[in-house]
Amino acid sequence: MHAPITALWTGLLGILMLVLAMRVVRTRVTEKVNIGDGGSAVMLQRIRVHANFTEYVPMGLVLLLVLELNGASAMLLNGLGASLFVARLLHAFGLSSSTGTTPGRFVGTILTWLVLLTGCALALWTYFSPPAV
């Protein structure tokens, strides 16, 4: 039995989420915005970077956990976890630099979707495959 791999990626992605949240708070202080975006483009951008992260990462971690609990290999789990981490870093950097399409945002989005699609497909395959005898 290997160490709980989902714990590693939950911890690393959680730290990244906190960094993104701290950027929102820091911008709230500098822009003097207590709630919402206050009409500040920078505030809105920081909020969206953090929000987009929180919209996608929980499902990725749930899929990792489901796969891990069903005996997926450490290589597969670490591959999906590392891909999700890199995808979210790329997306955060890309969306932080511009509200338009950037290479980081584009690649981060596609990679995130591929991780989720792979995780969903494997979870469904696990459910529908006949049990080993």
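Student: At which residue in H2 does a kink lie?

Tutor: This is a predicted model, in which local features need pLDDT of at least 70, side-chain atom pairs count only at pLDDT 80 or more, and totals for chains, interfaces and linings use all residues. Residues are numbered from 1 along each chain as its sequence is written, and side-chain values use heavy atoms, with hydrogens and water left out. Helices are DSSP runs of H or I with at least four residues, numbered from the N terminus, and the bend at a residue is the angle between axes fitted to the seven residues ending there and the seven starting there. In H2 a kink of about 25 degrees comes shortly before the proline Pro58, at Tyr56.

Student: How do the axes of H2 and H3 run, roughly parallel or roughly antiparallel?

Tutor: Axes are lines fitted to C-alpha atoms, for helices over the stretch in contact, with angles from 0 to 180 degrees between N-to-C directions. Angles under 35 degrees count as roughly parallel, over 145 as roughly antiparallel, 65 to 115 as roughly perpendicular and the rest as oblique. The axes of H2 (residues 41–69) and H3 (residues 74–97) come within 10 Å and cross at roughly 175 degrees. Therefore H2 is, relative to H3, roughly antiparallel.

Student: Is His91 buried or exposed?

Tutor: His91 lies in helix H3 and touches Asn52, Gly104, Arg105, Gly108 and Thr109, not counting residues up to four places away in sequence, where contact means heavy atoms within 4.5 Å. Buried means under 20% relative accessible area, exposed over 50% and partly exposed in between, with a 1.4 Å probe and protein chains only. The relative accessible area of His91 is 3%, so His91 is buried.

Note on methods: Helices (H or I, at least four residues) and strands (E, at least two) are DSSP runs, numbered from the N terminus.
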